[in-house]
Amino acid sequence: MAKQSYQFLPRFKGWHFIPEGTNVPFMTYRRVCFWTSIAMMLAAMTAFLVLGLNYGVDFKGGTMIELRAKSGNADIPDLRTRVGGLGLGDVQIQEFGDPRDVLIRVEQQAGGETSQQEALRKIQEVVSADYDQRRVEVVGPAVSGELRLTGLIAVLAAIVAIILYIWLRFEWQFAIGAVLALTHDVLITMGLFAVLQLEFDLSIVAALLTILGYSVNDTVVVADRIRENLRKYKRMVLPDLLNRSINETLSRTLMTSGTTLIVLMALYLFGGEVIRNFAFAMLFGVVIGTYSSIFIAAPVLELLGVKRDWSGLDNEAKASAQPSAS
Amino acid sequence: MLHFSGFKTISIVLVCLAAFVLALPNFFTRATVDSWPSFLPKGQVSLGLDLRGGAHLLLAMDTQELKADLLGTLRQDTRAALRRARIGVRAIGLRNETVRVRLLKQEDSEKALTELRRLAQPVTSDLLGSGENNITVAQTADGLITLQFTEAAIRQRIVDALGGAIETVRRRVDPTGNVDATITRNGADRILVQVPGVDDTADIKRRIGKAARLSFHAVHPDEQATGGVVPPGYRAYPSAETAGFNYLLRAVPVVKGDDLVEAQPSFDQRTNEPIISFRFNQSGARKFGRWTSENVGRPFAIVLDGEVLSAPVVREPIITGSGQISGGFTTQTATDLAINLKSGALPATLTVIEERTVGPTLGADSISSGTMAFMLGAVGTIIFTIIVYGTFGIIAVLGLFVNAMLLIAAMTFLGSTLTLPGIAGLVLTIGMAVDANVLIYERIREELRSGKSAVQAIDNGFSRAMVTIVDSQTTTLAAAIIMFWLGSGPIRGFAVTLSIGIFTSVFTAVTVVRLLVALWLRAERERSRTVDVPI
């Protein structure tokens with residue numbers, strides 16, 4: 001190789017946004033955090049029971065139409081009288097991202113599958129003169145029932161799959177920490193959707209699954225470090241060791257959350273109205289997922305205790321396949 | 001970890017080049033790509049209906065109707081078989097999906113059972129070649145003979161009917177063959193219809209909403225005489241025009257719509273009313289010709305989907321096999337019916353149970369806002385990464401670029417469909433793909449902090465981070481696979497981009513980024529003895 005080829009990239013140093021030797025005493029906050037989290041989870045469940053989720057047509061069945069006014073802005077009061085006069089039960093009409101656009105939601109009609117189509121036809125009849133149709137979603141009772149079921153199965157299956165993986169790769173204590181953190185994330189995100197009465201549809205289930213993946217990703221990185229440190233510092237007391245592990249992975253945790261939040265922010269602000277709710281769920285989920293990996297998953301290990309002697313076991317899989325309570 | 005053989009280096013570079021070439025067509029318009037020389041790849045990622053606009057309809061077939069049909073035929077066959085064998089019958093009834101026969105004379109039982117068992121045929125199914133019969137014939141203690149379809153027979157009938165319905169739907173949705181419609185089986189009794197570029201589904205729904213089963217029946221000669229009782233072999237059919245009026249027709253039709261070969265909408269020359277002219281095939285023409293020759297002066301009824309359209313009187317024998325149907329049509333209904341008759345009848349009624357339609361303007365808006373979000377998200381990530389990791393940040397960004405290319409190339413190559421959630425997955429992948437690099441770089445920083453030399457720190461950084469990368473990405477992959485497994489349409493698009501993104505980001509981190517770091521290190525070492533890692 002020629003001598004002058006050394007200048008291969010400009011040389012400049014990165015910025016350490018977490019200063020070296022940072023040691024935040026996370027474990028001393030654990031009690032506060034536990035209680036805060038429990039309070040949030042209770043609040044989420046209360047919101048869930050009292051307010052309920054604002055299910056979209058995917059799960060509730062019914063009809064949704066997005067319209068754009070052919071000229072000028074959409075006249076919502078006028079639409080309300082037009083569509084409201086059709087006797088289709090509960091009708092919601094709202095502006096959708098742009099003053100020209102409106103979203104009409106009509107509840108599921110009694111009388112089975114064909115009556116949903118009948119409702120759609122009626123609405124189209126009264127609006128088609130002044131509005132262009134941008135999107136239509138009609139979900140009948142059979143499909144909405146199935147989607148509810150598969151949505152629930154998907155979230156539960158994801159949690160189970162993740163628990164199994166962590167249990168295999170680590171110890172059962174780690175799996176419990178992870179499952180608590182995951183349940184925490186899902187519950188609180190759903191609670192937020194209940195409180196804000198944001199539409200909860202299939203895309204939000206996709207967001208929840210991605211949050212699960214993301215949150216456990218964080219949890220695993222911290223857990224990996226805990227396991228490594230357990231081997232390295234055999235005599236360090238557990239709270240100190242956990243604290244050290246969290247601090248060591250802190251800049252990675254924040255960096256990855258940072259880039260993920262940047263792209264999610266871009267999606268939320270510029271990705272269009274259709275996926276705004278999805279982006280919102282993800283934004284919140286990434287924040288809560290990062291929090292739970294630090295303040296829930298790791299501290300749980302202190303409560304449960306964890307096997308200290310990893311010496312002579314290079315094959316972690318073998319070690320974790322025989323979980324032993326200490 | 002930092003040594004790359006020439007072969008390895010070349011392979012990595014080739015993979016990157018291949019990805020770049022495969023991804024390239026996606027950045028140009030279709031027309032530009034078509035004008036390229038033929039040796040260049042031209043495949044583009046196909047856009048989902050939510051991006052290019054189009055209709056998605058999920059149809060459910062009425063299996064109850066299918067069963068009722070099946071039982072109706074069995075009842076007729078039973079009656080015919082017993083008549084052929086000259087066995088006296090007191091009553092043939094239908095209850096609980098069972099045909100029930102009460103004989104006049106109990107001593108005919110054995111003979112009747114033998115005759116009726118002959119009706120049974122083996123079920124021909126690909127899955128169960130068990131030679132199971134389609135009908136079970138039994139006799140209860142009090143002499144009642146029952147005929148039932150087996151589970152397998154009903155299942156087979158539904159499978160066959162769905163296959164036929166798919167073909168019929170295809171001909172109706174796309175009579176000219178110009179629309180790029182996808183019509184597929186979905187589960188046991190459902191059909192998924194996807195039509196790009198259509199945002200008004202009214203036409204499609206009108207065409208598939210009717211089974212269009214046409215038949216020609218003899219009308220009972222003296223309707224008034226029956227006094228409201230339906231004589232055996234006859235059935236009451238409601239009139240399509242006059243509500244509440246029923247015709248008494250022979251249950252077995254003279255000719256069925258299956259025998260039609262041609263159906264055209266046209267106008268009656270005298271009244272100028274829309275009508276449908278049709279032509280029978282040979283056997284249909286023969287049957288209809290024979291019947292009309294024998295029944296001049298008597299009425300016959302044209303029945304469509306269980307309703308009598310009209311009941312004209314036979315003026316002269318119709319032996320040419322062509323004729324007209326009138327019945328208060330509008331131009332539109334006549335056109336629709338002609339298409340439906342020509343496409344063949346649907347074996348059972350189809351109901352729309354899910355509809356999702358996106359207009360072309362919304363699709364275009366989604367593409368542009370998705371692109372915007374992708375660009376801004378990428379720029380933000382690039383700036384942040386370079387600020388935090390300096391020179392190594394630039395390497396990570398190069399990796400990110402290769403990653404995006406690989407992802408797009410993989411999607412093009414696998415022929416997966418890009419949906420709006422898919423774009424979200426793509427954007428998210430950009431943000432999360434940095435994670436592998438972050439894990440490696442943070443590790444390098446730690447190793448340097450603990451006093452390792454540059455080479456050792458970088459080497460350890462890559463190898464130690466690997467375990468964590470695999471562990472953490474496996475869990476995300478698990479979530480994505482579950483999404484794909486259980487999700488429908490758009491959600492699957494998200495799951496696909498997310499999972500491909502996981503593979504490409506791990507691949508780039510351990511090959512491309514590692515190679516670039518190794519090259520950088522080699523260049524630095526040539527320059528000076530001690531290498532200061534700017535991370």
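Me: What makes Val286(A) and Thr290(A) contacts of Ser257(A)?
Reply: Two residues are in contact if their C-beta atoms, placed from the backbone, lie within 7 Å. Leaving out residues up to four places away in sequence, Ser257(A) touches Val286(A) and Thr290(A). The model is predicted: local features need pLDDT of at least 70, side-chain atom pairs count only at pLDDT 80 or more, and totals for chains, interfaces and linings use all residues. Residues are numbered from 1 along each chain as its sequence is written, while chains are lettered from A and ligands numbered from 1 in the order in which they are written.

Me: Where does Ser257(A) lie?
Reply: Ser257(A) belongs to helix 8 (residues 238-270) of chain A. Helices (H or I, at least four residues) and strands (E, at least two) are DSSP runs, numbered from the N terminus. From Ser257(A) to Val287(A) the C-alpha distance is 7.6 Å, at a sequence separation of 30 residues.

Me: How do you know that strand 5 of chain B pairs with strand 6 of chain B?
Reply: Pairing needs at least two bridges found by DSSP between the strands. Strand 5 (residues 135-139) and strand 6 of chain B have five bridges, so they pair, and they run antiparallel. Ile135(B) stands opposite Phe149(B) in strand 6 of chain B.
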